[in-house]
Amino acid sequence: MTAASSLSLPRRVLRSRAVKPLLFVLCLLPFAGLFWRGWTNDLGPNPEQTVIWTTGLWALRLLLITLSVTPLRKLTGWAELARFRRMFGLFVFFYALLHFTAWLGLVNGFSVDMALRDVVKHPFVLAGMTALLLMIPLALTSTNGMIRRLGARRWQALHRLVYVVGVVAVFHFWWGKLAKNNTASPTVYALILALLLGLRLWWAWRAALARRTQLHRARAIDDQSNDPAGKQVSNQVGKQVTNQGKSRSLA
Amino acid sequence: MSKRQDQGFEHPHSSEITPKAVYKDRRHFLAAAGVGAAAGVAALTAHRAQATATPVHGGLPAPGKLAALAAQKNTALSTTQATTPYKDVTTYNNFYEFGTSKSDPSQNAGSLKTRPWTVVVEGEVHKPRTFGIDDLLKLAPMEERIYRHRCVKGWAMVVPWLGYSLSNLLKAVEPTGNAKYVEYITLLDPAEMPGQNDPILQWPYLEGLRMDEAMHPLTLLTFGLYGEVLPNQDGAPMRMVIPWKYGFKGGKSIVKIRLVEKQPVTSWMRAVPQWYGFYSNVNPDVSPQNWSQANERMIGQGGAFGGLFAPRIPTQLFNGYGAQVASLYQGMNLKKFF
C-alpha cells in the first residue's frame with residue numbers, strides 16, 4: 001500500500017523530485033518573459049501598461065491555480081498535489097507585489113502621497129490594495145514554523161482570507177476592465193472563482209449534513225438501549241463524528 | 001517600441017522641426033490667444049498668410065506607406081514637442097470597430113474600404129449636403145498641426161495631423177439658430193468593421209461637441225498624419241481631433257455629421273455613464289473614472305527597457321490648451337460637467 005509502485009502514474013509523477021522545481025520555473029516564466037522583453041526593448045509602445053497588466057493578470061491566474069489545488073486533490077484523490085499549494089500561493093504574492101510596485105513606481109513615481117490619494121479616491125485601486133494587504137499575513141505565516149506556532153486550526157482560519165482575496169481581486173480586475181466596457185475576460189475569471197468557492201461550500205455543506213445524520217443515528221441507537229453502557233458508546237460515537245467533521249474542514 | 005535601426009523611424013527634436021522665426025511668431029500668437037478665441041482666429045489667419053510653402057509634416061521624412069497629402073504647416077497651432085514615432089501612432093490604437101486590443105486595429109483595419117466615401121451633413125442647417133471625400137479634401141486648405149493627444153487611460157502622444165478646422169465645413173452648410181450641438185457618427189458596417197459584431201458599445205460610434213467647441217479653430221477635421229492620408233486604423237478617411245479633450249472624443253471614419261438642438265448621448269456616456277461625461281475635457285483634478293488623471297505616460301520615448309523607467313509627465317488642464325479654450329467653460333463647474 002505504501003509502495004510507490006502501487007500508485008497510479010500521475011501520482012507517481014507528482015511524487016517525483018523534479019516536479020516542484022519544474023513548477024517553480026514555470027511560475028517564474030511570466031516574470032522572465034517580461035524581463036527578456038524589457039531587455040530587448042520589446043515591451044510594446046506602452047511598456048508601463050505591459051508590465052502592470054502582465055503582473056496583475058498572472059497574480060490572478062496563479063491565485064485561481066492555488067485555489068484549485070484542494071478541489072483537484074479531492075476530486076482526483078491525488079494527495080501529492082497539496083505540497084505545491086504553498087509555492088503557488090507565494091507566487092501569487094510575488095506577482096501581486098510586482099504589480100503593486102509597478103503601479104507605485106511607474107504610475108505614481110514612487111510618490112506615496114499621490115498613491116494614497118489614488119487609493120482613497122478610487123474604489124478600483126482600493127480593491128487592489130485591499131487584496132494585497134490581506135495577502136501579507138498569509139505570506140508571513142506560510143512557513144512550517146508559523147503553522148506550528150499558530151496551531152493548525154488557527155492557521156487554517158487565518159488562511160481562509162484567501163477566499164476574500166480572490167473575490168476582491170476579481171472585482172479589481174472587473175472594475176479595471178469596465179473602463180473599456182470590456183468585462184468579458186473578468187467574467188470568465190469570476191465564473192472560475194465562483195466554481196472553486198462553490199465546490200468548497202458544497203463540500204462543507206455535505207460534511208455538515210453527514211455529521212448531523214451520523215449524530216442522529218448515534219442518538220437513535222442511544223434511545224433504543226437504556227443501559228448506561230450503551231449511552232457511553234453513543235457519546236463516544238458522537239464525539240468521534242464531531243472530531244472527524246473538524247479535521248475534514250481543515251483540509 | 002523598438003529602437004532597432006531597420007524598424008525605427010528617426011524623428012528630429014522639435015527644435016529642429018520649427019524654424020526660429022516661426023517659433024518666435026508662435027509666442028506672439030499664444031499671447032494673443034490668451035485674450036480669447038476670436039483673437040486666436042485672427043492670429044491664425046494672419047499666420048497662414050505668412051506661412052511659407054515648406055514641406056509637409058515639419059520636414060520629417062514621409063513614411064512612404066500611403067498616399068502623400070500636401071499641407072502647409074500651421075506652426076502657430078502646433079506644439080514644439082517631439083512627435084511620437086509613426087510606428088507607435090499607427091500600431092497603438094483604440095478603435096473598437098476593429099477589436100478591443102490596441103494592436104487589433106492595425107492588424108484588422110485592412111477590411112475597411114475608404115473609397116468611395118461620402119459624408120452626410122444634416123440636421124439644423126440651411127444647406128444640408130452629402131459630400132464626397134474628394135470634395136472634403138478640397139473644401140479648405142490642408143494644414144499640418146502637431147497636437148498633443150491624451151487618452152483617458154493615462155497615456156499620451158504627439159501627432160502631426162493633417163486637416164483643417166471643422167468650422168470650415170460647418171460654415172459651408174450654414175447652421176440654423178437651433179444648432180446647439182454637433183454629433184458625428186462613425187461608419188456602421190460589421191462586414192468591414194468586424195468589431196461591430198461585439199455588442200461592447202452601441203454601434204455606430206457616436207460623439208459630439210457643443211457648437212462653440214465645434215467652431216473653435218483647434219477642432220480639426222482630420223484627413224491625414226505624418227504627411228500622408230490617414231491609415232485605416234487611425235480613422236481613415238476622415239476623423240475628428242479635439243486636442244484638449246480625451247482621445248475618445250475624436251470619432252473616426254465619420255460618415256455623418258448632424259447639427260442638433262439637444263446635447264447628444266455619446267457612445268461612452270451610454271456605456272458607462274458614471275465615468276464618461278459629454279465634455280471629457282482633459283483635467284488632472286477630475287477623475288470620475290476609477291483611476292487618477294494626474295499624470296500621463298508619453299508613448300514611444302525610447303530608452304532602457306523600452307522607456308519603462310522614463311517618468312510620467314504631469315497632465316495639464318485642457319491638455320495644455322487652456323490659453324485657447326478655457327474661455328469656453330467660464331463659470332462652469334468642471335467637476336460636475338466632466
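Student: Which residues touch the most other members of the largest nonpolar core?
Tutor: This is a predicted model, and its largest nonpolar core has 69 residues. The ones touching the most other members are B:Val159, B:Trp161, B:Val182, B:Leu221, B:Leu225, B:Trp244 and B:Ile254. Strand S5 of chain B, residues 155-165, gives the most to this core, with 8 residues.

Student: What makes a group of residues a nonpolar core?
Tutor: The members have to be buried residues from a set of nonpolar types, such as Val, Leu and Trp, and they must be joined through C-beta atoms within 7 Å.

Student: What is B:Val182 in contact with, leaving aside its neighbours within four places in sequence?
Tutor: B:Val182 is in contact with B:Gly208, B:Leu209, B:Met211, B:Ala214, B:Ile257 and B:Leu259.

Student: Why does B:Asn295 count as partly exposed?
Tutor: Count the C-beta neighbours inside 10 Å: B:Asn295 has 18. Buried needs 20 or more, and exposed means 12 or fewer. The value of 18 falls in between, so B:Asn295 is partly exposed.

Student: Where is B:Asn295 found, and what does it touch?
Tutor: B:Asn295 is in strand S12 of chain B, residues 295-298. Not counting residues up to four places away in sequence, B:Asn295 touches B:Arg312, B:Ile313, B:Pro314 and B:Thr315. B:Asn283 is 12 residues from B:Asn295 in sequence, and their C-alpha atoms are 9.8 Å apart in space.

Student: Over to chain A. How do you know that the length of helix H9 agrees with what a helix should span?
Tutor: Helix H9 of chain A covers residues 161-178, which is 18 residues. The expected span is 1.5 Å times one less than the number of residues, so H9 should span 26 Å. Its end C-alpha atoms are 26 Å apart, so the two agree.

Student: Which residues of H9(A) are buried, and what do they pack against?
Tutor: The buried ones are A:Val165, A:Gly166, A:Ala169, A:Val170, A:His172, A:Phe173, A:Trp175 and A:Gly176. The buried residues of H9(A) pack against helix H3 (47-76), helix H6 (123-140) and helix H10 (184-224) of chain A.

Student: How many helices and strands are there in chain A?
Tutor: Chain A has 11 helices and 0 strands. Of its 251 residues, 23% count as buried.

Student: What does UniProt place at residues 51-72 of chain A?
Tutor: An unreviewed UniProt entry puts a "transmembrane region" there, one of several in chain A. In the model, residues 51-72 are 100% helix and 0% strand, with end C-alpha atoms 31 Å apart. The entry also lists residues 124-145 as such a region, and that span is 86% helix, its end C-alpha atoms 35 Å apart.

Student: What is the mean pLDDT of chain A?
Tutor: The mean is 88, and 87% of the residues reach 70 or more. Over residues 237-251 of chain A, though, the pLDDT is below 50. Where pLDDT is low, the predicted coordinates should not be read in detail.

Student: How many residues of chain B are in contact with chain A?
Tutor: 27 residues of chain B are in contact with 24 residues of chain A. The chain B side has 13 nonpolar, 9 polar and 5 charged residues.

Note on methods: Residues numbered from 1 in each chain as written. Chains lettered and ligands numbered in written order. Predicted model: local features only at pLDDT ≥ 70, side-chain atom pairs only at ≥ 80, totals over all residues. Contact = placed C-beta atoms within 7 Å. Nonpolar A, V, L, I, M, F, W, Y, C, P; charged D, E, K, R; others polar. Helix = DSSP H or I, 4+ residues; strand = E, 2+ residues; numbered from the N terminus. UniProt positions renumbered as here; feature names shortened; annotations may be inferred. pLDDT = per-residue confidence, 0-100.
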